[in-house]
Amino acid sequence: MTETNSASRRFRRVVILGQTGFIGTRLEQTVRLRWPGLEVVGCSLPAVDLTKAEDARSLAHLLDDETAVVMCAAIKRQFGDTQEAFIKNVTMVMHLCDVLRERVV
């Protein structure tokens, strides 16, 4: 079995959080080329603000045991390398973990 077949059988969807950023954009292109037919869903600001629990919960319908989640979303250093930015980044991860814990069994 090739790597392409293995990935497409294990996952039917990839959700890329922060898909419009530098890494997210390239990752989306790579996934689409490498695994054609795999559903790729990109989520970025302003549509989904992971610092807000309710926005993170809006992703729940996309998440199941056949979905891979890649988090490229973050508060960039350009917006300040501060404790506040760090706390926001940790908050985003915590909100995503809460949704995954509730959604994926």
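Q: Which side chain makes a polar contact with the side chain of Asp64?
A: Happy to start here, with a predicted model in which local features need pLDDT of at least 70, side-chain atom pairs count only at pLDDT 80 or more, and totals for chains, interfaces and linings use all residues. Residues are numbered from 1 along each chain as its sequence is written, and side-chain values use heavy atoms, leaving out hydrogens and water. A polar contact is a pair of N or O atoms within 3.5 Å; within protein, one must be able to donate a hydrogen and the other to accept it, and residues adjacent in sequence count only if both atoms are side-chain atoms. At 2.3 Å, the partner of Asp64 is the side chain of Arg12.

Q: Which backbone nitrogen does the side chain of Asp64 reach?
A: Asp64 sits in the loop between α3 (53-57) and β3 (67-71); helices (H or I, at least four residues) and strands (E, at least two) are DSSP runs, numbered from the N terminus. At 2.8 Å, its side chain reaches the backbone nitrogen of Glu66.

Q: Is Cys43 buried or exposed?
A: Buried means under 20% relative accessible area, exposed over 50%, and partly exposed in between (1.4 Å probe, protein chains only). Cys43 has a relative accessible area of 10%, so Cys43 is buried.

Q: How many disulfides does the count come to?
A: A disulfide is counted when a pair of cysteine sulfur atoms lies within 2.5 Å. By this rule, the number of disulfides is zero.
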